[in-house]
Amino acid sequence: MHRGIRRTSLLPWLLLIFIPFATALADSVTRGPYLQNGSPEAITIHWRTDVDSATRVRFGTTTDNLDQVAELSGSRREHIIRITGLQPSTRYYYKVQAGSLLAGDSSNNFITSPTAGSVQPVRVWALGDSGTGDRHAAAVRDAYTDLTPARRTDVWLMLGDNAYDDGKDSEYQQAVFDMYPEYLKSTVLWPSLGNHDGHSADSAAESGPYYDIFDLPRNGEAGGVASNTEAYYSFDYANIHFIALDSYETSRSTGGAMYKWLESDLAATGQPWIIVFWHHPPYSKGSHDSDGDSRMTEMRENFLPLLEQYGVDLVLSGHSHSYERSYLIDGHYDTSDTFDSNSHLVDGGDGRMDGDGAYRKTNAPHKGAVYIVAGSSGKISRMRGTHPVMVASSATLGSLVLDIDNNELQARFITDDGTVFDHFTLIKTAPPSLPAAPDQLTASVAGTDRIRLHWRDNADNEDSFILERSTNGSDWSQIASPGADSTSHDDTGLAEGTTYHYRIKARNSAGDSAYSSTAVATTDRVIFADGFEHHP
């Protein structure tokens, strides 16, 4: 009996034990695929297999004809491949190699970025401190998914603390790869480094799980100036320039490499929209206080003046486990008790079309920016108060959704139950053009000390006119600034019998028009009763 069991029954049990085990270790994708570093002509695909496998992607513009191949020589478990030669704004389907199998279905697809500067609707999804990998993060994810299921996410941002508690590879698996698999294989993810991610990462060496997992544009390959590091970078999508900064580990001084790169990147971009994101918010009274945190203070004091000088529109951060959204503000770089509504508020309304009206600004320095803390995509914490720059503040789970179309940005904070907690609209107005020059300037004598001036107003966008006078036709001085739509002015207190030259131009915030042609008139002399002119 014993021998019979040993001879006849042991093999089936061994098969039951070992065959599933062997199958689980072969021809399987254990992470991803996920998309990185997208541009109009290229994209990076990253995935992990359970055994050494060829690095190969088959792709094409239809699901039934994956007629193009990108591959690397050799075999490995961590696969990173850059596909180039793509067409802008084009959908591609793909499958990745896993051992002897090609893994993927029709949901494995991406749309390449549009050409930089092009105008089209853009959907942005921003998650802050989402790295809990728990039911709260899942509820936030599902609320966004249910918002507009048919609307594709074009740009996906993570604002740091992407994987708690220490940014380990296993924590990233739970908090990112197991949480967002459907998004990862169809939308490029653009992260920034948080303090928890930084526990296991080294920005100077670009090492650790954060830098191993993400493949970011250090060479300017997605638009913008090359940063020569993955710690901070920029990219373009349609008519938006995005900038990711490292507020945790890289130097935040004005003499540091990140600051110098940012200045050159801002100077180089011609995009009408500028959105910047990093982890530590410049303004917050959430679970962290921006008045006492050195990283938050240094980002505010050192980086905001530069960003506002170049007309930044929106700054996104996390770190505080709350939602906080500012008014349209400018120039507030000190602690919260120094905020002055007369000096720092560009628009003190709520920015809502159904409220005080949309915020409006031009592409010019110091016209205002909106600052958002969206650090509650995975957890919430008790708030310390309300920062005076904020129009909305709450310890509420949720994520930020931006819809940008041409010159209009609509922002919504969507809670974990799908409620719109806050919303606002920012409209970029075209800067005024130079006013047309006035003409037909005439000067007529109206007495011994008065000359009456008339002109034609050819502009509909002047703020005022600048009227100048000369006694020799070369040395000019301003004598008046008539208001918009004016067409006449009396120059009084003049000397008798004196010839005066006049010219006029229009002025607005864009500058001055050309001058009109010159008009000349001579005041009368005083004639006394004896019929003679009397001279001193």
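A salt bridge is a side-chain nitrogen of Lys or Arg within 4 Å of a carboxyl oxygen of Asp or Glu. Arg31, Arg48, Glu78 and Asp169 are joined in a network of such bridges.

The model is predicted: local features need pLDDT of at least 70, side-chain atom pairs count only at pLDDT 80 or more, and totals for chains, interfaces and linings use all residues. Residues are numbered from 1 along each chain as its sequence is written, and side-chain values use heavy atoms, with hydrogens and water left out.

**Exercise 1. Describe the overall build of the protein chain.**

Step 1. Take the secondary structure. The protein chain has ten helices and 30 strands. Helices (H or I, at least four residues) and strands (E, at least two) are DSSP runs, numbered from the N terminus.

Step 2. Take the extent. The C-alpha atoms fill a box of roughly 155 × 55 × 45 Å along the principal axes. The radius of gyration is 32 Å, whereas a compact globule of 536 residues would have one near 24 Å. This radius is taken over C-alpha atoms, and the globule rule is 2.2 Å times the number of residues to the power 0.38.

Step 3. Take burial. Of the 536 residues, 50% are buried. Buried means under 20% relative accessible area, exposed over 50%, partly exposed in between (1.4 Å probe, protein chains only).

Step 4. Take the contacts. Contact means heavy atoms within 4.5 Å. Among contacts between residues at least 6 apart in sequence, 68% join residues at least 24 apart.

**Exercise 2. Examine helix 3 and its surroundings.**

Step 1. Check the length. Helix 3 covers residues 135-147. Its 13 residues reach 18 Å from first C-alpha to last, close to the expected 18 Å. The expected span is 1.5 Å times one less than the number of residues.

Step 2. Find the cap. Asp134 caps the N-terminal end of helix 3, with a side-chain oxygen 3.1 Å from the backbone nitrogen of His136.

Step 3. Find the buried side. Ala137, Ala138, Val140, Arg141, Ala143 and Tyr144 are buried.

Step 4. Find the partners. The buried residues pack against strand 7 (122-127), helix 5 (181-184), strand 20 (398-405) and strand 21 (408-415).

Step 5. Look from the other side. Val401 sits in strand 20. Val401 counts as buried because its relative accessible area is 0%. Among the residues that Val401 touches are Tyr144, Leu147, Trp125 and Ile414.

**Exercise 3. Which residue forms a salt bridge with Lys428, and where do the two lie?**

Step 1. Identify the pair. Lys428 bridges to Asp313, with the closest N and O atoms 3.0 Å apart.

Step 2. Lys428 is in strand 22 (residues 420-428), and Asp313 is in the loop between helix 9 (294-309) and strand 13 (314-317). They are 115 residues apart.

Step 3. Check burial. Lys428 counts as buried because its relative accessibility is 6%. Asp313 is buried too, at 0%.

Note on methods: A polar contact is a pair of N or O atoms within 3.5 Å; within protein, one must be able to donate a hydrogen and the other to accept it, and residues adjacent in sequence count only if both atoms are side-chain atoms. Lists of a residue's contacts leave out its neighbours within four places in sequence.
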